Structures are given as structure tokens and as C-alpha cells.
Amino acid sequence: MTHRALTLFAIILLGAAGFYSYLNLGRAEDPSFTIKVMVISAAWPGATASEMQSQVADPIEKKLQTLPHLDRVESYSRPGVSFVQVYLADSTPASAVKDLWYQVRKKVGDIKGDLPQGVVGPGFDDEYGDVYSALYMLSGDGATPAELKRQAELIRQRLLRVPDVEKVDLIGERPERIYIEFSHARLATLGITPTQIFDSVARQNAVVAGGAVDTKADRINLRLTGAFMGAEAIAEVPINAGGALVRLGDIATVKRGYEDPPTYLIRQHGRPALGIGVSMAQGANILHLGADLKAAMADAVSELPVGIDVVQVADQPHIVGESVGEFLKTFAEALVIVLVVSFLSLGFRSGIVVALSVPLVLAIVFLVMFATGMDLHRITLGALIIALGLLVDDAIIAIEMMVVKMEEGWDRLSAASFAWTSTAFPMLTGTLVTAAGFLPVGFARSSSGEYAGGIFWVVGFALVASWFVAVLFTPYLGTALLPEMKGKHTGDELRDGRLYRLLRVMLEGCLRHRLMVIGTTVSLFVLAVVGFGFVSQQFFPTSTRTELFLEMRLPEGTSIEATQATAKTAEALVGEDEGILSATTYIGQGAPRFWLGLNPVLPNPNFAQIVIVTKDLAARERIKARLEKAVADGGLAAARVRVDRFVFGPPVGFPVQFRVVGPDPLMVRDIAEKVRRVMASDPAIIEPHLNWGEQVKSITLSVDQDRARALGTTPRDLAETLQTLLSGYTVTQYRDGNLLIGVVARAVPEERVDLERLGALTVTNRNGVAVPLGQVARIAYASEEPILWRRDRDLVLTVRGDVTDGVQPPDVTLRLLPKLAALKAALPAGYRIETGGSIEESAKANASLAAVFPVMAIVMLTILMIQLQSFSRLALVMATAPLGLIGASVALLVTHQPFGFVALLGLIALAGMIMRNTVILVDQIDHDIAAGATPHQAIVEATLRRARPVVLTALAAVLGMIPLAESVFWGPMAITIMGGLLVATALTLLVVPALYATWFRVKVTGGVAAAGLPHPAE
């Protein structure tokens, strides 16, 4: 107040710095959180799923169980291949994840020599959690995969030069192959073995040093030509057939093609396509990246050949721009509401002072966010809206105190000084207590805490900044802007209006019937707890993104060709619709991670997925209903179909899951089927099913060892020959520029796919004589496990399902648990049923919050004790903390809102808001008593004195959250705080005085006169 120029300079400087920070803050749709999952893959051609599990996956899993911060190891094994997923604990610091992935590579590398001979890999994918900010699809009528790849490589090079692009990947690439296809029967007739072909082709294409010549001045390397220059050159390779040379092209077909069968296919609007994924550098502004990508892609598209099209199927910058714009609109609405409350309740001049404090606080918050590297996204913007209703509290209290003193005749400087001395430290206590209410989410060591942790930091920054503004800048603004108050009024005269008289009467009644008031409050609290049991439970709500996922799972063992045929049928069901912007089909594995909450499905030939991007939410729901009806009518009878939407928060998968764990696959399958029947009995469950179960066909060749030895062959010779003839053998690699194209030899299609001719296939013995397979092995048809899932080295089969719209998954799971109790009790030793899905993830998130509760309690107790310095008063304040549950329970039940992770954060924070009001009121009562008022007088007058600021701050907080109440994500939290704070405000003004009077045995001495009371605290 005595350095006004300096104060004004600080206001201008902070405002300018805040505006600059806001313009340069990063933008995102959702906060980033570390996907703590790594995928390890290994192949062993010829091994069964059981052999892959026991010989390859198990040693890797066993070694990784010693990894620090490990949560679990999951694996699934199919014939010839295993995938091991390493999950780190939610509490793992994000900064430690990269080093842990290095440890994984080291540990698995240590046992690589112990894996069976012939194992390919293991390979490591520690970028499984990377998100593509933009995803493009190249397609064209008549364009070959090779041509698409050439054009994609050119685009990739151009995009890598765009600022803030970290990496660009090609997705769904089909590797080229050169195939040598021969008739096994014809080779036998000519007396040529497949090995002769392999050796001739490999020798012709070998890269061998030709030596070097050293002259007096130079060293000159000798280079030999002769490497293949295409499929035609391979066809010219001579083969020795009984002493005569024959051309390879005369006894075999040599052609250039693609990986067959394919492992991963992408289709865009019914045409083969190739994807280009762009990842953004850490800390970059995604809106700037979007503009730069748009310009770069426009240049690239202009140079594409005629007939090749580019479609952007994932546009995170556009979505972020819309999302941030929508939140800014909501923020502006909340800001207007808060300012209107200030103007109407405090008057124009006083309202102006409060209004000016808002942008100043926001400027400080933006400055701190910019300095700490925080972005504007769903969480931080929502936290700002929550903070809006709270950050004006201190300014309202300070300016209201100034106005009261000026109405009593004080000059501006004295009134401003009094506002500081009388309210600064109680406000600081209340501010810190309120901020501490959000502390659990800020320090929760979980994915959910990492996702939503920004709530604590932004609200904390805003509240602390609001206190500094209220005690340093608001008095300055008040002295500059408040008008002269003509006439002098006592505090009693100012509190003698109709509403004050009504409140006085109610207070007197509550004090006289204090036990009844307290008993009624306790009864209401008990009813609220009981009523809370009827509130539906939730983890995170369904996202408002417009994507739809049409997932198809065919029976295990289905070929990728059959999966592709089903996918094409699904494409026809999707059809042309004015509400669809794009439809991209992924066959053989899921879509890449183009949103943080998307969990890509790992490679599986029986899986296909169509990602449909719709125009808006109405179109999404309409198309979803249409597809579900078409599927119900038998449109995709060959597959198990799921039509799904995005869900906010960390990925969960199917929302209702039960895991059956045990050693024997058959027993596990039998128990899982019983679980499935229990789940099917609940009408809210959609098609419960097992994630694996049915066995697949296999052919067993029982080798007669004695006859095989007599004929000069071995089981290994038989297996290698069959692998070559049926699946193909990579003879060499054709070098085409920077490409390496495998040259694969295999039998002609008629001999590869005809099972009846299997026995006629011949195997060449050591003497070069062709021996029919049927002479050394008996062919039998059998079944085997197609896939085996394990979790922490235990065999696991998951029973899972979706829920109908309008039903919350945790509620369904809780209904099913009692029905499964008898089945669990009857399980044999070594078998168990575990609960998964949304309720498991919710429990983990809640546990991470509960772990921080003691810290929150200690912080709150310490802050309150510093202010109150009395155990009795501390206990009184803490006793009011849970009373917000009364209003929150009623509000959630009336509005039919679910109670989830975000609403839980609101309920926890509500306790801090209530204690803030209580501690300010208790402090005022104590001040009045110390100044000479009787305890009864102090209770009544202090409550009346604090009534207006308490009601105004509550109204600002409650009304400021109205725009958030309609939000799918923030709605439950807003409703929780609004309902709880409304009821808690009434309790602060009526029940807290009764509690104080009871706690300290205050004697009620008749009505308190409206005049003649001491007013030392004014």
C-alpha cells in the first residue's frame, strides 16, 4: 500500500508474463502418461503352442520375474511364436522406465543361449506405448504394395524434416518376395533334389570378397559381378540334373510377389493401403505440428502419381484444437458466471476488484505451468474451471471486509490494512487446506494418478496464487477503485436486514436445540452413506471421441485369408454413410496407437478391426446402432463381433473380466465355461466369451524310426523337407537398391494345399533316393491348443464381456461376485478365479489414492494446528470434513450420475473446502471471545459476520461449475462438489455453531441483542 507504483508494476509484469506463457503453452487432448508395457517376441518354426510356452516363453518369464518394479508378466504362445508382455507396476516412476527396458534386454540376452536351437529372436518392442499424432493412409486403384511403399518412403523423408516430428513409421508394409515354385513330383522324376536348387541359387548370389591388389601408390579392390538383377536372372540359374544342365526357369516358376500368407493387412475404404504414422517430439505444441504437417503433406500429395490417394485417418492436432476450443468456451462461461455472482452480490465497483483478480491469478498460474512444462489439456483445463470458483474466494473475503469497514466509516488505507491483519492468515490456512484436499491425486503412484495428477498442481497453483493476489494486490485495487462510503454504520446495523434477522432466529434455534441439530445431522450422514450404496459405480466414462471400432474375432486357427474375407463382408456392412469420414480395416492385428487410451491388439491372424471415424457423436451412436442390428441379424455370423468406443483414462480392455488360473488347460477351460454361464445369466452382459478355448485341427506324423533309419532318413530331414515344401525356405536374398528381398523356394500350390497328396510327397535320403512320406510315417488327424495365455507363469483363461449402454461395469461385476462364490469355494487346489476389468483397475487407482491419505491428513492437521493451536478446535474442524457426503450423495442420486475416479477426487477435495469455511468461522468466534464477547454472543455474531462471504464463495464455486456439469468426463465431479458444497454451506452456518456450543459447553443466555455488543474484531 505504501509502494503503489511498485505494486502496479508487479501487476502489469505478471499479467504480461502470464499472457506470453498462455500463448506458448503446449496443447493436447489428454495428459500424457507412460504406457509401462514392453512386448518381447520370439519364433521357433515347427514348435507347438505348448512347446513355445514351456521352452521359449517360460525361461523368459522366469528370468524377468527378478526385474525391479515388475507388476506382472503376461504371455501368449501360438504354434511357432510367443509374445511376452512385461507390465511394470503403476508406482514405477516414469523416469525409470527406459532404464528398466534396458534391464529387460540385458536379462533376456543373458538367457538367449539357453533357448532351443532354431529360435529366432527374441525381439523387443519398447516403443509399444508410442502414440502417433497423425496417421495417413496411402491407397490407389491398381497400385501395387511396392509402389505404395516407394511413395510412402518419399513422404516419410519429407515429414522427418518437419519441426517437432520425432519419428515417422510405415505401417502395414507387405514385404516383397521372389518365389521359386516347383513340383516335387516332377523334380523326383528328373532326379533333382530341392537341395540342389537351393545350393545353385545361393552360390550364384553370394557376396564374396574378390581380393585386392596393392600397387606402389594404391590398394585396389577387385569386384565380381553376377549377383541377381531380378526374377528373370534367377530363372536363368543352371541346375545339374543327372550330369546335364537345365535352366531353373524350365523346371520351376520364378515370380516376384509379396509375403504369402501375409501377416498384417490394411485396407482403406475397401482398397489395399499402407499407413504412415507420425510421432511428435516430447514437449512440442501439437497445434503448431498440425499446421506444419498439413503444409508438408500438401506438397507431398501434389507430387504423387495419378491414382494414388492419401487420407488422414487420425488427426490429433485437429481434435486437440477442437477440444481445447470447447474447454475454453466452457471456461469462459464459468468465468462469466463467477463474475456475475461477484457483481450482483458485491456491487459494481467491488465486483470490478474481484473481476480483476481473476485474470491476475490466471496469469500467475499460466506462468507457473509454462515454467514447469505443463500443457493445456482436458485435465489442466478442467482443473482451471474447478479453480475458478475457488480462486475468487480469498478476493471476495478480502474485499468484503474492506467494504464493511469503509461502510463503518474507515478510510481506504485503514480498511485495506485491517483486511490484511484480520483475514490473511485464516485465509492462508483455508487455502492450504483446500489445496491439500486435492493432494492424493497429485501424488498417487498409478496410471490414473499420472493421468489426472494435473488437477492437484493446477488447483494448488491457483489457490496459492489467489491468496497472494487477495492479500497483496486486492487491497491495492480496492483503494484505487472502491468509492467513498458516505455515512457511518455499525456492524449491527449492516447486519440487521431481513435475511440476517432470519438467520439470527435460525441460529438461536440451533443453539437452543443443539443436540437435536447434531442428531439430525448425524442421521442425515448415515442416510447419505446408505444412499451412496445406490449410486452406480464407474472407473472412467466413455469418451466423446467420434471413432467406432468394429472388431471381429474368428475361431482360433483361422487363416488370415478367411479373416480377410470376413473383413470384406464387414466393410460392405459399414458401407457408404454420410456420417462416416473414413473407415480403415486392419487385418492380422489391431490399429496402431493413435490415441493414448488405445491398446493395440497384438498379432493374431484370426483378428480384424475396422476403425470408423464419424462426423459427430450423433452419427457415431446412429452407426453403432445400425451395425449392432446388422450383426444381430447374422450379418457376420462367422465371427464374434464387438462394436466399441473409446473410454477415457488408462486402457482397460473388456470392462467385465474374470480370470481362471490353474495348471491344466482342460480343467481351466471347464471352470471358465461355468464362469461364462454365470456371466450370461446377467442381462446387462453382452456376449460373454473366453479369450481362448477351442482347440484347432492339426496333423500328426508318427515316424516309424526303424524304417526311417533303414531308408536313410531322420525325423529332422522329414520336418525340414515338409517345411520347405509347404511353407517355403528362404534360399538367399535379392539386393534391390536399399531393399533386401527374400528368395523363397516352395512347392506349387496344388501340392501345398492338398492334404490328400501329403503322403505322396517324397523325402530325399542320404543316397539321393526319393522316399515317399507315407513309407516312413503314419498320418493322423488330431487337435491341439491353438494359443496358451499365461500370467506370471500361471496358465490363465479370461472370461470377458461388454455391458449394455447405461450400465456401469463395476456394478455388473459386483452383482456377479456373489453368484460366483459357490463356484470359487468348490475349486480344486491350485485353481482360482480372479476379478479383472474396470473394477480391478478402479481398485488399483483408489488404492494409490488411499496410500496418500495419511500424508494428506498429516498436512491438513499440521496446517490447522498451526492456525488453531488447540486440539479441541482441531477435532471440531476435522469432524465437519465428511459432512459434504450428505449433499454429494443426494446430488448424484437425483442426477443419476455415476461415482467414479474423477468424482472420488471431487469428494476428497470437498472435505478441504468444508474445513476451510469451518476454520475461518471458528477463528472468528475465538477472536470475538478474546475481544470480550460472551461465547454465546461470539457464536451468533461471528456466524452472522461470516455469513455473506461464506455464501458468496460457495455460490461462486457452485455456479462456476455449472458448465462442467454437462461434461461427460467432469460432470460427476462437478455434481459431487456442487451438491456437497451447497449442503456443507448450510451446515457451516447452522450446524458448526451448534457443534461449537456443544463442544465447549457454551451456555445459551437468551436472545442476543442487535445492539450494544462489543465489536473488537471488526
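## A walk through the predicted model

His 896 sits in the loop that links helix 31 (884-895) to helix 32 (901-930). This is a predicted model, and His 896 has a phi near 60°, positive even though the residue is not glycine. His 69 does something of the kind too, with a positive phi of about 65°, in the loop between helix 2 (49-64) and strand 2 (70-78). Here are the two histidines side by side.

| Residue | Phi | Relative accessible area | Class |
|---|---|---|---|
| His 69 | about 65° | 35% | partly exposed |
| His 896 | near 60° | 69% | exposed |

Most residues other than glycine have a negative phi, and most peptide bonds are trans. On the peptide side, there are cis bonds to look at. One runs from Gly 121 to Pro 122, with omega near 0°, and Pro 122 belongs to strand 4 (residues 120-125). Another joins Asp 260 and Pro 261, with omega at about 0°; Pro 261 is in the loop between strand 12 and strand 13 (265-268).

Strand 7 (residues 176-182) and strand 24 (residues 739-747) run parallel, paired over six bridges, and Tyr 179 faces Val 744 of strand 24.

Helix 6 carries Val 201, which is buried with a relative accessible area of 0%. In sequence, Val 201 and Val 731 are 530 residues apart, yet their C-alpha atoms are 7.1 Å apart in space.

Now for helix 22 (residues 665-680). With 16 residues at 1.5 Å a residue, helix 22 should span 22 Å, and its end C-alpha atoms are 22 Å apart, so the two agree. The buried residues of helix 22 are Val 668, Arg 669, Ile 671, Ala 672, Val 675, Val 678 and Met 679. Their cover includes strand 20 (656-661), strand 21 (685-690), strand 29 (794-803), helix 27 (809-825) and strand 30 (832-837).

How far can you trust it? The protein averages a pLDDT of 83, and 93% of the residues score at least 70. Over residues 1008-1018, pLDDT stays under 50, and the model has 34 contacts beyond four places in sequence for that stretch. Where pLDDT is low, the predicted coordinates should not be read in detail.

How values were computed. Residues numbered from 1 in each chain as written. Predicted model: local features only at pLDDT ≥ 70, side-chain atom pairs only at ≥ 80, totals over all residues. Heavy atoms only, no water. Pairing = 2+ DSSP bridges. Helix = DSSP H or I, 4+ residues; strand = E, 2+ residues; numbered from the N terminus. Expected span 1.5 Å × (residues − 1). Buried < 20%, exposed > 50% of the residue type's maximum accessible area, 1.4 Å probe, protein only. Contact = heavy atoms within 4.5 Å. pLDDT = per-residue confidence, 0-100.
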